[in-house]
Protein chains: 2
Amino acid sequence: MTLLLLSNSTSDAGYLVHAQPAIRDLVAGLPPASAAAFVPFAGVTRDWDAYTALVAAALADTGLDLVPLHRADDPVATIAAAAVIVVGGGNTFRLLHELRRRGLLDPIARRVRAGGRYLGWSAGANLACPTISTTNDMPIVDPEGFSGLGLVGFQINPHYTDAHPPGHRGETRAQRLAEFCTLNPAMPVVGLPEGTGLAVRGATLTLIGPQPARLFVGTAPPRLLAPGPLEMIA
Amino acid sequence: MTLLLLSNSTSDAGYLVHAQPAIRDLVAGLPPASAAAFVPFAGVTRDWDAYTALVAAALADTGLDLVPLHRADDPVATIAAAAVIVVGGGNTFRLLHELRRRGLLDPIARRVRAGGRYLGWSAGANLACPTISTTNDMPIVDPEGFSGLGLVGFQINPHYTDAHPPGHRGETRAQRLAEFCTLNPAMPVVGLPEGTGLAVRGATLTLIGPQPARLFVGTAPPRLLAPGPLEMIA
């Protein structure tokens, strides 16, 4: 499988600008105007047409032909024909809820396992994991099952940060992930700070970006993962 | 119904110290050594026995006899006999998951509707609402349904804050609540900052604490709620 799983979309440079080199690597070798199925369903306060236009502009240099699934007459056929599946961020629960009720989870997983490339950021990175249980998002709708696409064998926590507002008595991110790891001691979790991402190419896993990620497994102290090739985590 | 729903348990003063006057009001008039059923199930990294000891010490001045449900031979009978139901914070998904699989949601709701008093903080405040969809917690386990106890007709967001770590590209709390309100435009949400709580006495609702809360309804701008009596929100 060929995946690019990004922590985030935005930076001071603009939408997806920081990820352009990694996105070019992801789509390298595809014919011009290859079809990319865009999944806008994580958008809640962002209108899906406006979201599609934003992403189409951000991906203009790739030459991909972006087809948003909410406008597709036959979304399953659109997915099956797509060279790339693009899953935008937003609310992970909304994303999973919409894909499940539309019956699109299996078609996407099948397409990626058959060679379709996968680009996801934030909620789109959570979706590629075994479950969405390491999302940071608010559970605004019940997705009726937390299972994700299971394209990788580990969990991702996007927007990973050690920062904590002064005086705040809620849990830190590391505490939240420690809770997950307490209930799921055998499942690795990669905390991806802003600006970082994971590139999957078959059996090769590479951390992309300007700073280390964190690896949480069970009750062991988190390990720093330096940018570059990683041992397959699971 | 008689409820005290607190944003948080800890402060520089110690565990539940900031809430002592409101807790004394909640239990006023109860006979000495009245039974309080303690629900420790939101604890994940915190052992339930240790959690019980912590809360028993914090509530020692009330004279309540704290009975933890994980040690009760007959939890349903313990709930039915309790003068107070005490629901501690931690992870809201774990709390709801454990209560549902043990069949304790309806017994608790029935007891409170029949006159049992309810004290909950953080996850315990989320649980009293129609759903847990405005928790801040990580969805570390699927509770197989997001419905809560429905003791109040509005949602609570505990640990409410406008703070946002610099450089962080994830959603602000207000953005997360705007997403909830977009999908649930008729459901009010009260954002309870640290140190605040809501006291329910029959048809009377009072905001307790040193600072205003926020009321989110639909796409309207959030309203400040000053401490003191509130119009019933729903």
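Colleague: Which residues does Asn126(B) touch, not counting residues up to four places away in sequence?

Modeller: Thr92(B), Thr131(B), Ile132(B), Thr134(B), Thr135(B), Ile156(B) and Pro158(B), where touching means heavy atoms within 4.5 Å. This is a predicted model, in which local features need pLDDT of at least 70 and side-chain atom pairs count only at pLDDT 80 or more, while totals for chains, interfaces and linings use all residues. Residues are numbered from 1 along each chain as its sequence is written, chains are lettered from A and ligands numbered from 1 in the order in which they are written, and side-chain values use heavy atoms, with hydrogens and water left out.

Colleague: Why is Asn126(B) called buried?

Modeller: Buried means under 20% relative accessible area, exposed means over 50%, and partly exposed is in between (1.4 Å probe, protein chains only). Asn126(B) has 2% relative accessibility, so it counts as buried. Its place is in helix H6 (residues 123-127) of chain B; helices (H or I, at least four residues) and strands (E, at least two) are DSSP runs numbered from the N terminus.

Colleague: What makes Thr78(B) buried or exposed?

Modeller: Its relative accessibility is 19%, under the cut-off of 20%, so Thr78(B) counts as buried. Thr78(B) sits in helix H3 (residues 75-81) of chain B. Neighbours within four places in sequence aside, Thr78(B) is in contact with Ala37(B), Val67(B), Leu69(B) and Ala72(B).

Colleague: What makes Arg176(A) and Asp137(B) a salt bridge?

Modeller: The term asks for a side-chain nitrogen of Lys or Arg within 4 Å of a carboxyl oxygen of Asp or Glu. The closest N and O atoms of Arg176(A) and Asp137(B) are 3.6 Å apart, so the pair qualifies. The count between chain A and chain B is two salt bridges.

Colleague: Which elements of chain A give two or more residues to the side that touches chain B?

Modeller: Helix H4 (92-101), strand E6 (155-160) and helix H7 (173-183). H7(A) gives the most, with eight residues. Within H7(A), Arg173(A), Arg176(A), Leu177(A), Glu179(A), Phe180(A) and Cys181(A) are buried. The buried residues of H7(A) pack against E6, strand E7 (189-193) and strand E10 (213-216) of chain A.

Colleague: How do you know that the copies meet through the same surface?

Modeller: 100% of the interface residues of chain A are also interface residues in chain B, so the surface is the same. The contact takes 44 residues from chain A and 44 residues from chain B.
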